[in-house]
Amino acid sequence: MSKILVVAERKDNELRNVSFEAIAAAKKIDADAEVVGVVCGEDDLESLANDLIYHGADRAVTVKHDNLKTYTSEGYSQAILAVIEQESPDGIVMGHTSIGKDLSPKLASRLNTGLVSDVVDIEKDGDQPVFIRPIYSGKAFEKKVIKDGLTFVTIRPNNIAKLEEDPSRSGEIRSVDVDVKDLKTIVKEVIKKASDGVDLSEAKVVVAGGRGVKSKEGFKPLYELAEVLGGAVGASRGACDAEYCDYSLQIGQTGKVVTPDLYIAVGISGAIQHLAGMSNSKVIVAINKDPEANIFNIADYGIVGDLFEVVPMLIEELKKVKV
Ligand code: FAD
């Protein structure tokens, strides 16, 4: 039986959904694998460790240290490397998130192993896991197999469904002491944005606005639509460049990559660089007054019309359905 380590990720005092998806990915790699979740932090980690077990991990390892309060690549790589040394896993899975993208290449180079990043699905060819990942900004997919060394992968959030939570599951929780030290950088303070709502990269619904929204004010109905749908607001670079919204909302080649169940593109033309960040969304709805806009080529549903009329109508109708 193989052993797969899942590196969990925290946001505040909760685990990010991608941690649970990584457990499901580990089971897809090897259904019989012993899955060991790892969670780091500075406070009580037991309930987070239990959460990993409820979502399919067989046991969990916690690393508690003051220097792990907030993520730093040095601190977390010291902690995770120590766990890897003790556990000697055959595989490692983590989210292809900002943290995963920072940490995984660092760990892979220290471990002198390869890394398959941004995996969206895992198939099997006999016993051999086959990793599917987008290439050329999402225009094609490649299938990769690992011939030698550790099975080290990062998974794109929102693509591999997590296993059903089962609070009756139990497993060993082991705490590992690691002296996380000699950090060259420390995080003094994390200043949150006031509008920190649903996490864009993990949102099930994204309402994204483009230059067609025309102003900061014009984004307000988009926030209302996102709220009615329980989603997050995103944007094209056109909208960010025009200062209608913050760059943290930018979706695309040089922004965030999202894969929600529903993506509503409002006043976005559908430039290739934008599509790179959202074309794998499960259902795409486009609202644009130009019937020739490129976004309609990838949309499942298109509404040709003025967004300033269509969006309020949508909000009104959706509110009726919700009541
Ligand atoms: P526009 O192309 O100006 O489109 C606005 C759309 O709104 C039009 O289709 C118009 O018909 C519609 N519209 C206008 N008024 C209304 C109305 N009242 N009702 C309905 N529809 C209306 N872009 C990204 O998004 N993300 C990236 O990560 C990114 N990275 C880039 C990297 C590089 C190296 C480069 C060169 C470019 C990058 N871009 C990126 C920019 C990209 O090429 C486009 O310029 C940008 O996506 C355009 O944004 P937009 O669709 O909002 O604006």
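**Note on the ligand site and local backbone features**

1. An oxygen atom of the ligand is placed 2.9 Å from an N or O atom in the side chain of histidine 274, a polar contact in the sense of a pair of N or O atoms within 3.5 Å. Taken alone, the ligand exposes 1000 Å², of which the protein buries 77% (accessible areas by the Shrake-Rupley method with a 1.4 Å probe).

2. This is a predicted model, in which local features need pLDDT of at least 70 and side-chain atom pairs count only at pLDDT 80 or more, whereas totals for chains, interfaces and linings use all residues. Residues are numbered from 1 along each chain as its sequence is written, and side-chain values use heavy atoms, with hydrogens and water left out.

3. The shell around the ligand holds 26 residues, of which Arg211, Ser236, Thr254, Ser269 and Asn288 come nearest (a residue is near if one of its heavy atoms lies within 4 Å). By class, the shell divides into five nonpolar, 15 polar and six charged residues, with Gly counted as polar and Asp, Glu, Lys and Arg as charged. At least two shell residues come from each of helix H6 (237-241), helix H7 (272-275) and helix H8 (307-322); helices are DSSP runs (H or I) of at least four residues, and strands (E) of at least two.

4. Arginine 133 stands opposite glutamate 142 in S10. The two strands form a hairpin with four residues between them, and tyrosine 136 in the turn has a positive phi of about 50°.

5. Two other residues deserve a look at the backbone. Aspartate 12, although not a glycine, has a positive phi of about 55°, and lies in the loop between strand S2 (10-11) and strand S3 (14-15). Lysine 214, also not a glycine, has a positive phi of about 75°, and is found in the loop between strand S13 (205-209) and helix H5 (220-229).

Notes: Polar contact = N/O pair within 3.5 Å; in protein donor to acceptor, adjacent residues only side chain to side chain. Pairing = 2+ DSSP bridges.
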